Amino acid sequence: MTVVQSRAATDNWRTRLGRFEWKASPYLYVAPFFLLFAVVGLFPLLYTMYIATRQYNTLTGDSGVAICGATCGAGGADASIWANFQWVLHQHSFWIALRNSFSIFLLSTVPQMILALFLAWVLNANLKARTFWRMGVLLPYVVAPSAAGIIFSQIFSDKMGVINVALSAIGLQPIMWHASAFWSHVAIATIVNFRWTGYNSLILLAAMQAIPDDVMEAAVVDGAGKWRTFWSVTLPMLRPTLIFVIITSTIGGLQIFDEPQMFHNGTSGYGGPNGQYLTLSLYLWDMGFNKVTIGQPNLGRAAAVAWLLFLIIVAIAVLNFFLTQWLAAGSHAKTDRARLAEYRDRQRREYESAKRAGLDARQRAARERSRMDAAAAPQAGAQAGARAEGRAS
Amino acid sequence: MSGQPRNAGRRNELSGAALSQLYGAGVGRAATRTRRRKALAMTSEGRRAGAGTYIVLVVTILLFLVPLYVAVSIASQDSSATQYGVQALIPGGGLWRNLVRAFGAIRFWQALGGTFFVATVVSLSTVFFSTLAGYSFSKLRFRGRGVLFLIVIGTMTIPQQLSVVPLYIMANKAGLFGSLWAVVIPGLVSAFGVFWMTQYLRDALPYELIEAARVDGCSMFRTFLSVAMPAARPAAAMLFLFTFIAQWTNYFWPMLILGPNKNSMLTVAAAALKGAYFTDYTVVMAGVCLTTAPLLLLFFFAGKQLVSGIMAGAVKG
């Protein structure tokens with residue numbers, strides 16, 4: 001009695017546990033991600049918003065609502081939650097950093113996309129040892145950006161860098177890769193391109209290979225040349241991938257830090273003596289963590305810079321999305337779809353006509369065969385009889 | 001014979017199959033072959049790779065190797081006097097000496113161990129939690145699944161810089177300033193990883209397998225361990241590799257939070273070496289070589305997987 005009861009109880013308990021597991025499992029499995037994300041992602045996000053409104057010294061901590069100070073002129077002494085933003089927007093360095101970030105971002109993204117497209121197109125051939133070439137273009141990916149920054153800071157050295165020595169050797173003026181704002185941006189963009197061109201070309205290569213053959217064939221049958229096929233078929237078909245690649249490089253490009261910091265020839269650089277290559281991230285770091293001599297490190301202002309950076313990235317990502325959509329030509333894709341439908345239609349008609357022709361031919365052949373069969377019937381019958389006998393024996 | 005010119009135009013339009021039915025197998029085959037050759041001159045598998053293609057690729061890869069060569073070459077100079085200009089491009093005999101100096105200056109084993117620890121722990125944790133969540137998102141039905149997955153995708157776009165300031169304060173308050181754990185903890189989960197595993201498991205794991213395991217009496221977690229984990233292995237390996245490399249090359253956050261313990265990770269150690277020896281780049285470059293070599297070694301063995309991982313991700317993403 002008690003045994004039966006207890007067994008029933010365990011069974012009941014077991015099924016209930018089973019049902020609970022069944023119901024709760026999906027949540028339990030996603031829980032670790034969301035819990036950890038809440039701690040290291042979501043909370044910091046909200047916390048940044050809070051800190052951005054505070055007067056927060058890195059060394060001494062929170063000391064009330066932010067104050068802009070003399071920079072904002074009259075009313076600067078009043079505490080306000082916008083004070084840090086106002087202060088940052090009043091800084092000349094901030095605007096310089098914004099300009100530099102944009103310049104480096106454009107100089108790295110645009111040529112990089114063109115090169116990656118070209119490289120993908122080159123790789124998209126019937127190559128021997130194809131994995132070797134693909135690995136070859138990916139090699140720079142495993143070089144840390146900070147390490148690449150150190151190496152390129154030497155290659156692009158103003159006085160005795162390899163490139164300037166080569167330029168002088170062929171009688172050209174050396175380029176001030178560090179002192180000039182524009183050329184330092186070119187040099188830093190080169191570091192970025194070094195690491196990411198091959199990587200992006202592999203992404204684009206995969207997308208190119210995913211283009212269905214009949215689309216290509218349609219273009220070829222319509223008499224499109226190599227260039228035309230690339231421009232009017234391949235490129236529009238790559239649009240989703242291009243958008244993805246461009247948005248990722250936007251997010252990465254505007255946050256650039258390692259390369260410009262390491263590009264400085266010296267102890268700890270923050271963007272060159274005149275801020276030639278001071279980027280927004282460098283500015284953020286300098287503001288919150290590095291400013292020990294000039295003024296004081298101010299995490300509130302750094303947080304304000306972080307938020308401004310985030311808003312800029314979102315804006316650019318959205319802009320990028322529309323720009324890419326417009327650039328890779330929605331109209332192209334539409335005409336291609338129409339053309340593809342036309343091509344399929346023609347194929348179907350062809351098939352129909354061939355089928356009819358084939359039917360005619362087959363009927364003719366059948367008539368012919370029956371006539372011949374009729375003539376050869378006695379012979380065939382004798383042969384068949386002989387075969388049957390042979391099998392029986 | 002006389003019908004030939006009239007039919008020639010038609011032949012170009014008809015497909016190979018149609019032609020072989022009309023004019024016989026030989027004509028059809030020939031037409032198919034010509035057409036395929038023409039079409040393949042541009043399509044995926046077959047654009048014939050001429051000498052030009054190979055030249056472009058060789059030049060590209062050589063260009064990619066130039067910076068690495070320059071690093072080794074500068075690191076091999078006998079004295080810091082020859083570290084600039086043309087001489088720097090001619091390898092000297094000081095490579096070993098400089099490597100030894102850099103080796104001691106960055107306390108290589110400590111830095112290597114630290115980086116290895118961070119990259120391994122972060123990658124393992126990311127892969128495990130991503131597979132778990134990816135399995136749930138792709139194969140289990142529950143209230144709020146769509147919304148939660150949208151949140152995951154949304155969090156992928158948040159830049160790292162946005163959370164640097166509060167993380168710095170939090171790590172300080174938790175007494176983790178200068179500790180490797182401060183580098184590890186923010187990386188334990190990744191939204192990208194969850195997205196990646198969800199996408200993969202959606203196609204790679206048939207519902208029948210899960211049902212079979214359930215019918216056999218496996219608990220939910222047991223089903224995950226013995227059905228979902230093995231099915232996820234290829235994508236999990238890719239995710240591990242990419243997370244590992246991302247952590248290995250990470251610089252910004254470790255540099256901030258490690259503070260004075262600059263020798264506990266390779267990237268930070270190399271940067272610190274640059275600060276300390278900025279007059280003698282032979283040592284700095286030797287340090288760069290030392291810190292880059294482990295990943296180059298990894299690339300030598302896992303490069304193929306990296307290539308296919310990037311290409312698989314591109315098609316899915």
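Before counting anything, a helix here is a DSSP run of H or I with at least four residues, and a strand is a run of E with at least two. Keep in mind that you're looking at a predicted model.

**Exercise 1.** Work out how many helices and strands chain B has, and what share of chain B counts as buried.

*Solution.* Start with the runs: chain B has 15 helices and zero strands. Next, take burial, where a residue needs 20 or more other C-beta atoms within 10 Å of its own. Of the 317 residues in chain B, 43% pass as buried. Finally, look at contacts in chain B between residues at least 6 apart in sequence: 68% of these join residues at least 24 apart.

**Exercise 2.** Find the two domains of chain A and describe the side of domain 1 that touches domain 2.

*Solution.* First, the bounds: domain 1 of chain A covers 18-84, and domain 2 covers 92-328. Their C-alpha centres sit 30 Å apart. Where they touch, domain 1 gives eleven residues and domain 2 gives twelve. On the domain 1 side, α1 (2-51) and β1 (54-57) of chain A each give two or more residues, with β1(A) supplying the largest share, four residues. By type, that side splits into five nonpolar, five polar and one charged.

Notes: Residues are numbered from 1 along each chain as its sequence is written. Chains are lettered from A and ligands numbered from 1 in the order in which they are written. This is a predicted model: local features need pLDDT of at least 70, side-chain atom pairs count only at pLDDT 80 or more; totals for chains, interfaces and linings use all residues. Domain bounds come from an automatic or database domain assignment. Two residues are in contact if their C-beta atoms, placed from the backbone, lie within 7 Å. Ala, Val, Leu, Ile, Met, Phe, Trp, Tyr, Cys and Pro count as nonpolar, Asp, Glu, Lys and Arg as charged, and the others, Gly among them, as polar. A residue is buried if 20 or more other C-beta atoms lie within 10 Å of its own, exposed if 12 or fewer, and partly exposed in between; C-beta atoms are placed from the backbone.
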